[in-house]
Amino acid sequence: MQISFSVAELATIVGAQQIKGGTAHTVTGIASLKDAGEGDLSFLGSSKYRSDVQKTRASVVLLPLDFEEMPAEDQVFMLVEQPSAALALVCARIEQALWPKPEPGIHPSAIVSPSAKVEPSASIGPLCVIEDGASIGAGTHLQAQVFVGREAGVAADCWLAAGVHIASSCQIGERVRIHGGVIVGSDGFGYEVVEGKHTKIPQVGIVEVQADVEIGANATLDRARFSKTVIGQGTKIDNQVQIAHNVIVGQHCILCAQVGIAGSTELENYVVLGGQVGVAGHLSIAQGVQVGGKGGIAGSLKEAGVYMGNPAMPYQLERRIIVLQRRLPDLFKKVDGIAKELESLKKASAD
Amino acid sequence: MQISFSVAELATIVGAQQIKGGTAHTVTGIASLKDAGEGDLSFLGSSKYRSDVQKTRASVVLLPLDFEEMPAEDQVFMLVEQPSAALALVCARIEQALWPKPEPGIHPSAIVSPSAKVEPSASIGPLCVIEDGASIGAGTHLQAQVFVGREAGVAADCWLAAGVHIASSCQIGERVRIHGGVIVGSDGFGYEVVEGKHTKIPQVGIVEVQADVEIGANATLDRARFSKTVIGQGTKIDNQVQIAHNVIVGQHCILCAQVGIAGSTELENYVVLGGQVGVAGHLSIAQGVQVGGKGGIAGSLKEAGVYMGNPAMPYQLERRIIVLQRRLPDLFKKVDGIAKELESLKKASAD
Amino acid sequence: MQISFSVAELATIVGAQQIKGGTAHTVTGIASLKDAGEGDLSFLGSSKYRSDVQKTRASVVLLPLDFEEMPAEDQVFMLVEQPSAALALVCARIEQALWPKPEPGIHPSAIVSPSAKVEPSASIGPLCVIEDGASIGAGTHLQAQVFVGREAGVAADCWLAAGVHIASSCQIGERVRIHGGVIVGSDGFGYEVVEGKHTKIPQVGIVEVQADVEIGANATLDRARFSKTVIGQGTKIDNQVQIAHNVIVGQHCILCAQVGIAGSTELENYVVLGGQVGVAGHLSIAQGVQVGGKGGIAGSLKEAGVYMGNPAMPYQLERRIIVLQRRLPDLFKKVDGIAKELESLKKASAD
């Protein structure tokens with residue numbers, strides 16, 4: 001990642017409202033306040049790190065408008081409305097340089113069925129496989145070694161990283177980003193016991209991934225038993241998340257890494273599940289529910305709010321119980337003591 | 001998924017014992033009772049959803065033999081022994097149409113070693129790699145971009161989805177289905193500390209996957225340190241399951257998504273592990289053990305039964321403890337109250 | 001795996017200090033004490049299995065120097081300093097036979113950018129993709145279907161299994177081993193809410209994997225938001241581990257299967273995380289911390305030691321609490337009993 005910005009360029013990109021100090025350095029890197037050195041751009045993303053600002057060696061620091069202290073020598077403080085959002089603007093500029101838009105067209109090593117429909121402005125990278133009847137929308141980029149199965153559809157302006165696998169008949173909406181190793185449309189996990197053996201229940205539904213979804217590396221989304229598994233518009237899915245068959249995820253949800261959702265569960269919009277959360281099957285999770293990392297959800301959650309623990313409880317109750325659990329050794333001792341005193345009192349009163 | 005069945009065709013496929021009502025619609029989709037509309041087939045899979053039957057707009061509904069109510073206008077009720085199994089018969093019919101058996105032969109873009117043995121009736125899809133001495137059985141289909149390493153064997157009538165990876169020397173039995181991104185035969189995780197560094201212990205065993213196993217997307221099965229890691233006949237493994245080196249999984253087990261089993265643990269037949277269950281290494285899990293989702297198993301389980309929690313306990317005990325934990329705040333208050341009363345009693349009796 | 005060693009060859013390989021007994025068999029396999037039969041080599045890896053030695057049918061057994069019992073007929077006991085390390089020496093010999101070093105050069109089916117730099121002694125397997133400006137070091141082997149993105153670098157003497165994915169600009173150090181399906185350099189999971197929608201924060205940093213690291217199958221390592229995500233020298237990562245953006249993992253750490261570490265957390269050297277452990281974001285974990293399987297870490301751990309549970313506690317406290325939890329039903333009964341007795345005492349004293 002080779003970058004180079006003058007202070008003036010940076011000020012323009014981030015829309016600086018005030019600039020304090022000056023530096024002889026060009027900005028050639030980005031680093032946290034603690035790690036930054038000469039030539040680095042840094043930023044105060046959370047007031048938690050406020051004390052690091054005085055110690056940072058960054059050449060340019062993005063700070064909130066109410067930051068009153070002055071920069072060190074050879075250092076620039078840029079005051080902006082939201083330092084974190086300002087940094088994102090710089091990163092977006094870098095991103096364009098790092099990952100230039102690929103040329104449209106189909107790489108000669110890709111294997112594309114004659115009955116597949118690839119829009120001319122799409123870019124199909126090396127060693128991709130596109131099967132019969134599949135369709136790839138305008139401006140969509142398959143990086144390399146991507147598999148798109150029979151009759152599957154990837155809409156316009158998507159980006160599919162190397163090795164992504166879209167199984168037959170599944171449908172991907174516009175502007176969807178899918179990272180490496182993601183499997184969309186593997187069979188749901190359904191069997192019936194027949195004479196002591198698990199007999200497969202055919203899984204003939206699809207996965208529908210709506211527009212503006214992002215899916216992290218090595219996540220897996222199973223096709224429905226029938227009908228469809230759905231990921232709602234604008235939902236973001238982190239790495240190694242598992243979505244079982246017939247799950248319905250609402251719009252603008254956040255599913256952190258290694259979450260697992262069992263079959264036929266429905267999440268309304270704006271649900272947030274922390275890392276490694278597990279949700280049992282056939283449940284309903286209401287809009288605005290947030291579950292802390294490692295939480296286990298065994299029953300439907302019908303009210304918005306923050307839940308934690310396994311089985312998940314309202315946050316306050318769970319915190320309370322955790323504190324009391326640590327006091328259990330004391331409680332057991334105390335009760336033993338009370339029992340003894342009671343015994344002597346009884347004796348005394350019997351005497 | 002384009003389907004089209006007349007009522008008469010459906011009745012034949014599912015073996016309907018009684019048909020009530022009539023409809024002008026052809027069945028062109030499958031949906032749950034709640035979601036179904038005109039032209040949809042639906043079914044009552046669990047008595048839990050019984051009240052949805054009266055409200056469903058499905059054109060045809062599969063119902064159990066003892067279902068006595070009558071269909072709405074333009075609606076058919078088909079009574080069958082097991083609605084869920086009947087639906088599976090319909091889905092199996094659809095499956096054949098969706099995924100026709102591929103032509104035998106080797107796609108010209110596949111890279112197959114001259115010393116590999118591929119049966120003529122096998123179908124090797126585009127961009128597969130089959131290394132020296134590997135063998136592919138009759139009727140087996142490698143979808144695309146599959147890797148089969150040196151001396152590995154895939155027996156007859158298997159189906160390996162795009163991107164599956166069978167490492168060298170591993171053996172896959174007959175009629176095994178493996179979904180996208182599965183890695184069979186990665187190295188076991190074994191090191192010895194030598195002068196403060198983790199030094200690799202060579203992992204030279206194999207993985208043996210027996211007949212009729214199914215393995216879900218992105219699951220990982222490590223090769224043994226020596227000898228073999230075994231998945232017993234008829235066992236079904238869900239997505240993102242992790243099987244460490246030298247694990248022995250018995251026959252007809254069910255391992256739900258994101259389960260992890262540490263090294264050298266042995267599962268007898270018919271063990272069921274819920275989603276995200278973790279099992280420590282070097283344990284024995286008896287036939288008929290069932291562990292609820294997110295359970296943690298730190299010791300051997302020698303008796304069949306249902307276990308839950310972390311560390312896993314018998315189901316009844318775990319439920320009891322969960323209820324009591326939520327009453328901990330009350331208990332602490334109560335004990336404080338008792339202590340105070342006791343104190344005043346003591347004072348009173350001392351007076 | 002076909003192996004064949006005479007007793008004399010084995011004695012040389014393992015450096016036997018004493019040999020007791022004799023056998024007519026050549027060693028053609030390796031198995032645990034319990035599973036071994038004629039022609040097998042076995043070993044006593046842990047004193048836990050000591051009683052299995054008398055019952056084993058292995059032809060040759062590796063035993064510690066202080067093992068005094070005598071072998072059965074047609075059986076050899078070899079006394080060595082560390083039986084487990086001795087076995088590793090045998091396995092290393094087998095490994096060389098199993099996986100001969102591949103020929104240097106680029107397979108004709110690989111797609112290598114003219115601007116990529118591949119050392120002549122590197123071996124690039126079939127259907128690999130190496131993009132513009134990427135570099136592959138001397139003696140490094142890409143097995144097959146590996147993807148190395150723009151400007152990414154893989155140093156000397158690495159081994160990347162089939163299907164590994166190194167995203168653009170990421171850097172892999174010397175002697176790194178990466179198993180199938182690993183994704184290095186997927187985007188970090190970062191969004192800001194703008195008008196009710198999750199808007200992507202560009203992730204323009206890289207992943208730096210230092211020398212002598214091993215990464216297990218289907219693990220995922222996210223690129224930094226800016227700067228870099230780091231895996232320190234000599235650290236070993238098991239299958240399906242998830243490393244979020246800007247995480248810093250120290251040297252010689254052990255991360256067992258299915259561990260997840262959230263963004264910006266730092267692990268010092270020699271940290272050990274058991275299977276399925278989850279670590280929240282923005283924490284510091286001190287050198288020498290060990291967390292038992294399924295542990296949940298919600299706060300920084302500043303002292304070395306063994307931690308367990310969720311939220312993780314010092315080992316002794318956690319064990320204690322687990323025992324007391326199981327006695328909760330008794331405690332509730334006892335307190336109820338005390339309350340009643342107290343009530344009668346009060347009545348009695350009031351009379």
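This is a predicted model: local features need pLDDT of at least 70, side-chain atom pairs count only at pLDDT 80 or more; totals for chains, interfaces and linings use all residues.
Local features were considered at pLDDT of at least 70 and side-chain atom pairs only at pLDDT 80 or more, whereas totals for chains, interfaces and linings use all residues. Residues are numbered from 1 along each chain as its sequence is written, and chains are lettered from A, with ligands numbered from 1, in the order in which they are written.

Chain A is divided into domain 1 (7-98), domain 2 (105-316) and domain 3 (320-350), with bounds that come from an automatic or database domain assignment. The centres of domain 2 and domain 3 of chain A, taken over C-alpha atoms, are separated by 53 Å. The secondary structure of chain A comprises four helices and 38 strands, where helices (H or I, at least four residues) and strands (E, at least two) are DSSP runs numbered from the N terminus. Chain A has a radius of gyration of 28 Å, well over the 20 Å that the globule rule gives for 351 residues, and is therefore more spread out than a compact globule; the radius is taken over C-alpha atoms, and the rule is 2.2 Å times the number of residues to the power 0.38. Along the principal axes, the C-alpha atoms of chain A fill a box of roughly 100 × 80 × 30 Å. Of the 351 residues of chain A, 53% count as buried, a residue being buried if 20 or more other C-beta atoms, placed from the backbone, lie within 10 Å of its own.

The contact between chains A and B takes 51 residues from chain A and 55 residues from chain B, two residues being in contact if their C-beta atoms, placed from the backbone, lie within 7 Å. On the side of chain B that touches chain A, helix H2 (83-98), helix H3 (315-326) and helix H4 (328-350) of chain B each supply at least two residues, and the largest share, ten residues, comes from H4(B). By class, this side of chain B has 27 nonpolar, 20 polar and eight charged residues, with Ala, Val, Leu, Ile, Met, Phe, Trp, Tyr, Cys and Pro counted as nonpolar, Asp, Glu, Lys and Arg as charged, and the others, Gly among them, as polar.

Helix H3 (residues 315-326) of chain A packs with H4(B) at an angle of about 50 degrees, their axes 9 Å apart; axes are lines fitted to C-alpha atoms, for helices over the stretch in contact, and angles run from 0 to 180 degrees between N-to-C directions. H3(A) and H4(B) are therefore oblique to each other, since angles under 35 degrees count as roughly parallel, over 145 as roughly antiparallel, 65 to 115 as roughly perpendicular and the rest as oblique. Here Arg320(A), Ile321(A) and Leu324(A) of H3(A) meet Leu328(B), Pro329(B) and Phe332(B) of H4(B).

For helix H4 (residues 328-350) of chain A and H4(C), the packing angle is about 50 degrees and the axes are 9 Å apart. In this pair, Leu328(A), Pro329(A) and Phe332(A) of H4(A) meet Arg320(C), Ile321(C) and Leu324(C) of H4(C).

Val146(C) lies in the loop between strand S12 (141-142) and strand S13 (147-148) of chain C, and counts as buried, with 29 C-beta neighbours inside 10 Å. Beyond its neighbours within four places in sequence, Val146(C) is in contact with Cys128(C), Leu160(C), Gly163(C) and Val164(C).

Notes:
A residue is buried if 20 or more other C-beta atoms lie within 10 Å of its own, exposed if 12 or fewer, and partly exposed in between; C-beta atoms are placed from the backbone.
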